[in-house]
Structures are given as C-alpha cells and as structure tokens.
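Hello,

Here is the structure I promised to pass on. Please open it first, then read my notes below.

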Amino acid sequence: MPPKKPPARTSPRPGPRRRPQLRNELRIIGGRWRGRRVKFPPVKGLRPTPDRVRETLFNWLQPAIAGSGCLDLFAGSGALGLEALSRGAARVLFIDREPAVLGQLSATLSMLGAAGAELRLADATRFLESPAESFDVVFVDPPFADDSWRTACAALEARGWLAPDAFIYIERPAREGPPALPEGWILHRTGRAGEVGYHLARRQAAPLAPGETR
C-alpha cells in the first residue's frame with residue numbers, strides 16, 4: 001500500500017496592501033481631507049513635520065484651530081498650513097521664498113478645492129518687516145540648518161503680528177532643547193520625536209486696565 005501523501009500546505013491569504021509612503025509625498029492626518037496624500041517638491045532642506053508630531057500638535061491646538069487665522073512662515077511642504085485648513089482654520093497665509101514650493105502648494109490647494117488660503121513669495125524674516133496683521137496661530141518651522149527662527153519670533157512679538165493669546169509653534173532639532181522665548185510668551189507644551197523637538201508657545205495677553213475691554 002503506497003504511503004499517504006502529506007496534506008498540501010495552503011499559503012495564508014495576503015492582507016490588504018498598504019500604499020507605501022513615497023518620497024516627496026505626505027499624508028494629511030485629520031479633518032475634512034484626512035488621509036489625502038499631497039506632493040511637495042524636492043527642495044534642499046525641506047523637511048515635512050512628521051505625522052506623529054502633527055497629530056500631537058493639532059490635538060494640542062484643537063480648541064483654538066477652528067475659525068482661526070494662521071500664518072505658516074516657512075511653509076515648505078505646506079504640511080502644517082494644510083492640516084490647519086483641513087481642521088477648520090478660516091485662513092492660512094503660506095510664506096516661502098522658493099517658487100517651486102509655492103507652485104506645488106498652489107496646485108495642491110486647487111486640487112483640494114481649498115478656501116481661505118493665500119500664498120506669498122517672500123523671505124520669512126523680511127516679510128515680517130511689512131505692515132502687520134494679527135494671527136491666532138503661527139507656525140515657525142524653518143530648515144534645521146536655518147537659525148532665523150529667533151529673529152522671526154522676536155519680530156512676531158515686536159511688530160504686532162500676534163493676537164493677544166496667540167499660539168506659536170516652533171520646531172527645532174531635539175538636541176537643542178526647548179527654545180528661548182520672547183518676553184510675554186510661555187511654553188505651553190513641548191515634546192520630542194526622534195531628532196525632532198516640537199514646542200508650542202503661547203503669548204500671554206497683558207492684563208486689562210480698569211474699564212478696558214478686549
């Protein structure tokens with residue numbers, strides 16, 4: 001009698017494939033465009049804020065972001081400004097000195113059908129020398145090799161770019177620790193993810209004089 005053949009092995013059914021994260025592409029984490037993937041140009045020093053950091057940051061900002069006016073000073077990939085618009089910001093002004101960056105951002109905003117976005121081709125620190133507008137949330141995330149965040153933060157405070165209780169997000173190499181802040185700002189939240197240090201400051205409104213309203 002011939003020996004019995006062992007039962008044929010069946011390969012496990014493959015699970016659903018995840019789309020790989022492509023270079024020069026990022027995913028919007030939350031809001032009406034949650035899960036949408038958008039592109040950004042291969043510009044030297046351009047480093048989108050990681051997904052995990054954005055998720056934490058916008059959890060911190062959740063009470064303040066809807067209906068807010070935001071300034072994305074070193075827009076780059078647009079990750080922060082796009083996330084703000086997706087989550088209900090009324091207006092985001094994107095500033096960047098690279099034409100390729102703003103060209104891609106313009107295409108992305110058009111693709112998303114975004115309202116409330118403005119693009120300005122300018123160096124961030126020089127832009128802050130222009131007549132000021134008041135913003136509720138400001139993102140300060142220059143390339144890590146660029147130290148102009150200090151000048152930018154000082155100008156935001158000195159030249160009147162901030163609402164009385166504005167939030168200011170600063171992203172720097174984690175090895176540098178929490179940033180030194182202008183007078184009248186406090187460190188509201190701080191965190192670290194690998195080599196990225198992320199910090200949310202808040203401007204403290206001056207106390208009201210007797211009879212004064214805000």
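**Helix 2 and its surroundings**

In helix 2, the buried residues are A79, L80, G81, L82, E83, A84, L85 and S86. That is eight of eight, so the helix, which spans residues 79-86, is mostly covered, given that buried means under 20% relative accessible area. After helix 2 comes G88, with a positive phi near 110°. Keep in mind that this is a predicted model.

**The overall fold**

The protein has five helices and nine strands. Along the sequence they follow the pattern β-β-α-β-α-β-α-β-α-β-α-β-β-β. There are 214 residues, and 43% of them are buried. The protein exposes about 12,200 Å², and carbon and sulfur atoms supply 51% of that area. Take the contacts with a separation of 6 or more: residues 24 or more positions apart account for 64% of them.

Seven strands form an open sheet in the order 5-4-3-6-7-9-8, and the pairing is mixed. Which strands are at the edges? They are strand 5 (117-121) and strand 8 (185-193), each pairing on one side only. On average, neighbouring strands of the sheet are turned by 15° against each other, direction ignored.

Look at strand 6 (residues 135-140) and strand 7 (residues 162-173). They run parallel, and five bridges join them. F135 has L162 in strand 7 as its bridge partner.

Now return to helix 2. Helix 2 packs on the sheet and touches strand 3 (69-72), strand 4 (91-96), strand 5, strand 6 and strand 7. The direction of helix 2 makes about 170° with that of strand 4.

Helix 5 lies across strand 3, strand 6, strand 7, strand 8 and strand 9 (196-203). It runs at about 175° to strand 7.

Where is G35? G35 sits in the loop between strand 1 (25-27) and strand 2 (37-39). G35 is partly exposed, with a relative accessible area of 37%. Leaving out residues up to four places away in sequence, G35 touches R27 and I28.

The average pLDDT is 87, and 85% of the residues score at least 70. Over residues 14-21, however, the pLDDT is below 50. Beyond near neighbours in sequence, that stretch has six contacts in the model. Where pLDDT is low, the predicted coordinates should not be read in detail.

Best wishes

Technical notes:
Residues numbered from 1 in each chain as written. Predicted model: local features only at pLDDT ≥ 70, side-chain atom pairs only at ≥ 80, totals over all residues. Heavy atoms only, no water. Helix = DSSP H or I, 4+ residues; strand = E, 2+ residues; numbered from the N terminus. Buried < 20%, exposed > 50% of the residue type's maximum accessible area, 1.4 Å probe, protein only. Contact = heavy atoms within 4.5 Å. Areas by Shrake-Rupley, 256 points an atom, 1.4 Å probe, with all protein chains shown as cover. pLDDT = per-residue confidence, 0-100. Pairing = 2+ DSSP bridges. Axes fitted to C-alpha atoms, helices over the stretch in contact; angles between N-to-C directions.
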